[in-house]
Amino acid sequence: MSPSPKDAQLGSVPSERIPQLAVLYDRFANALDPFSPERDQAEMLFEEEVASLYDASSPPKPDLGAFKRAVILRCRRHLRATNKPSAP
């Protein structure tokens, strides 16, 4: 089965950008205070970065919502892979 254009575009998100995006995603998605200014700032920066990556990608493009969901999925995978439990 050949990859869809959507999969191809999602693969075009540079891997080196995922750690930075994952930090921003973690700051707003897992914030202890959902009303903190830091959480809002992290969400705003994340949204701007995703929109910038989307705009920079070449056609055919998936819709922005699908693109964002795929970036979030990659961020979650990165966070799970790099999560190191603290030693007792």
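Arginine 39 and glutamate 43 both belong to helix H3, where four residues, about one turn of the helix, separate them. Helices here are DSSP runs of H or I with at least four residues, numbered from the N terminus. The two side chains form a salt bridge whose closest N and O atoms are 2.6 Å apart; the term denotes a side-chain nitrogen of Lys or Arg within 4 Å of a carboxyl oxygen of Asp or Glu. The model is predicted, so local features need pLDDT of at least 70 and side-chain atom pairs count only at pLDDT 80 or more, while totals for chains, interfaces and linings use all residues. Residues are numbered from 1 along each chain as its sequence is written, and side-chain values use heavy atoms, with hydrogens and water left out.

Arginine 39 also forms a salt bridge with aspartate 40, with 3.5 Å between the closest N and O atoms. Arginine 39 counts as buried because its relative accessibility is 17%. Aspartate 40, at 39%, counts as partly exposed, and glutamate 43 is also partly exposed, at 26%.

The side chains of lysine 68 and glutamate 47 meet in another salt bridge, at 2.5 Å from N to O. This pair links distant parts of the chain, since lysine 68 lies in helix H4 and glutamate 47 in helix H3, 21 residues apart. Lysine 68 has a relative accessible area of 25% and is therefore partly exposed; glutamate 47 is partly exposed at 30%. Through shared partners, salt bridges join Arg39, Asp40 and Glu43 into one network. In the whole structure, a search finds four salt bridges.

Attention now turns to helix H2. Its 12 residues, 18-29, should span 16 Å at 1.5 Å a residue, and the end C-alpha atoms are 15 Å apart, which agrees; the expected span is 1.5 Å times one less than the number of residues. Buried in H2 are Ile18, Leu21, Ala22, Leu24, Tyr25 and Phe28. They cover an arc of only 165 degrees around the axis, and therefore lie on the same side of H2; the arc is that of the directions from the helix axis to the C-beta atoms. What covers these buried residues includes helix H3 (37-56) and helix H4 (64-82), where contact means heavy atoms within 4.5 Å.

Aromatic rings form a further set of links. The structure holds four aromatic pairs. The rings of tyrosine 25 and phenylalanine 28 have centres 5.4 Å apart and planes at 80 degrees, so this pair is edge-to-face. Rings of Phe, Tyr and Trp (its six-membered ring) pair if their centres lie within 6.5 Å; planes under 30 degrees apart count as stacked, over 60 as edge-to-face and the rest as tilted. Tyrosine 25 is buried at 8%, as is phenylalanine 28 at 11%.

Tyrosine 54 and phenylalanine 67 form an edge-to-face pair, with 5.4 Å from centre to centre and 65 degrees between the planes. Here too distant parts of the chain are linked: tyrosine 54 is in helix H3 and phenylalanine 67 in helix H4, 13 residues apart. Ring pairs also link Tyr25, Phe28 and Phe46 into a cluster.

Methods
Helices (H or I, at least four residues) and strands (E, at least two) are DSSP runs, numbered from the N terminus. Buried means under 20% relative accessible area, exposed over 50%, partly exposed in between (1.4 Å probe, protein chains only).
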